[in-house]
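The sequence and coordinates come first.

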Amino acid sequence: MLLTVEKLTKKFGVHTAVEQLDLNIKGNECVALLGPNGAGKTTTLQMLAGLLTPTSGNIRFGGKENIDRRFIGYLPQYPAFFSWMSAKEYLEFAGRLSQIPKKQLKEKIEEMLSFAGLEDAKNKKIGGFSGGMKQRLGLAQAMIHEPKLLILDEPVSALDPSGRRDVLEIMNELKKRMAILFSTHVLHDAEQVCDEIIMLKGGRMKWSGNLVDLRNIRGENRVILETKEEMGEWLRSKDYIAECSFSSPSLVELRLRNSDDRNHLLRDCMAKGFTITQFAENGRTLEDAYLELMEQ
Ligand SMILES: Nc1ncnc2c1ncn2[C@@H]1O[C@H](COP(=O)(O)OP(=O)(O)OP(=O)(O)O)[C@@H](O)[C@H]1O
């Protein structure tokens with residue numbers, strides 16, 4: 001395990017921003033920390049980046065108690081760029097801070113500029129950059145020292161759709177090289193790149209798992225059944241049906257008690273002589289599952 005976090009808690013005076021958070025990140029994972037404003041995402045990421053001291057709890061990085069900042073890349077939610085510097089000068093500055101040897105640095109800067117799609121703008125002043133260009137430069141800065149874990153705080157939230165797409169594409173490339181933990185309040189962004197999701201609300205973990213798990217939450221036993229005949233009350237008498245909602249006497253949405261009950265339902269419909277015109281799984285959308293979990 002690359003990162004192991006146990007009972008991480010941060011209090012600001014009487015206010016608890018993060019409470020008893022447990023999480024694990026493997027070396028090749030891309031994990032999204034998903035939650036609404038004020039959920040505790042930034043506070044969590046700052047603690048994991050070694051920028052904020054936890055009130056209590058354990059953080060182990062590569063099995064060791066101390067966070068070794070050399071192995072972590074961090075992009076804050078509102079990065080402070082020096083607007084008078086060029087992209088190249090800024091990466092040179094970031095590289096020196098990370099103590100990259102001079103000989104390697106030149107090559108590394110060129111590699112990063114190309115990776116971030118900023119070769120043509122390398123000598124231009126950052127002050128004239130678009131939001132998307134700044135964010136790509138921020139990513140280049142965060143990964144110039146080849147960290148093992150890249151921590152990105154809302155990397156796409158402030159971007160327009162094309163800037164968002166560019167940064168998400170870069171993240172998809174980056175995740176082949178290092179673990180990524182990023183925060184977002186938009187499920188769709190998490191869905192584009194991550195393997196695992198951790199949902200936070202009010203400083204507490206509400207749910208964690210992968211996208212397939214999220215899709216399956218109580219969605220797996222839902223089916224839509226349509227027949228040529230009217231089903232009506234006959235269907236309600238079946239005890240393997242937990243819920244049913246008729247759109248018409250011959251079209252119904254059902255929740256079955258178990259996945260095996262699909263076979264029971266089909267068998268019973270056929271025995272009854274019904275002509276089935278539709279029998280489909282009716283998993284809820286990811287957004288439905290997310291909102292339901294957040295509201296619980
Ligand atoms: N330095 C601080 N002093 C006092 N309270 C703070 C401090 N930093 C954060 N908080 C509070 O802790 C809670 C969590 O804040 P945090 O910034 O971690 O949330 P977030 O999920 O990143 O939200 P956002 O999406 O708005 O950035 C909030 O209620 C916030 O007001």
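The sections below take the basis of the model, then the ligand shell, then the helix contacts.

## Basis

The model is predicted; local features need pLDDT of at least 70, side-chain atom pairs count only at pLDDT 80 or more, and totals for chains, interfaces and linings use all residues. Residues are numbered from 1 along each chain as its sequence is written.

Helices (H or I, at least four residues) and strands (E, at least two) are DSSP runs, numbered from the N terminus.

## Ligand shell

Around the ligand are Phe12, His15, Ala17, Gly35, Asn37, Gly38, Ala39, Gly40, Lys41, Thr42, Thr43 and His185. A residue is near a molecule if its C-beta atom, placed from the backbone, lies within 6 Å of it.

Strand 2 (15–25) and helix 1 (41–48) each supply at least two residues of this shell; helix 1 gives the most, with three. By type, the shell has three nonpolar, eight polar and one charged residue. Ala, Val, Leu, Ile, Met, Phe, Trp, Tyr, Cys and Pro count as nonpolar, Asp, Glu, Lys and Arg as charged, and the others, Gly among them, as polar.

## Helix 2 with helix 4

The axes of helix 2 (residues 87–97) and helix 4 (residues 131–143) come within 9 Å and cross at roughly 25°. Helix 2 is therefore roughly parallel to helix 4 (angles under 35 degrees count as roughly parallel, over 145 as roughly antiparallel, 65 to 115 as roughly perpendicular and the rest as oblique). Axes are lines fitted to C-alpha atoms, for helices over the stretch in contact, and angles run from 0 to 180 degrees between N-to-C directions.

## Helix 2 with helix 3

Helix 2 also packs with helix 3 (residues 102–115), at about 125° with the axes 10 Å apart. These two helices are therefore oblique to each other.
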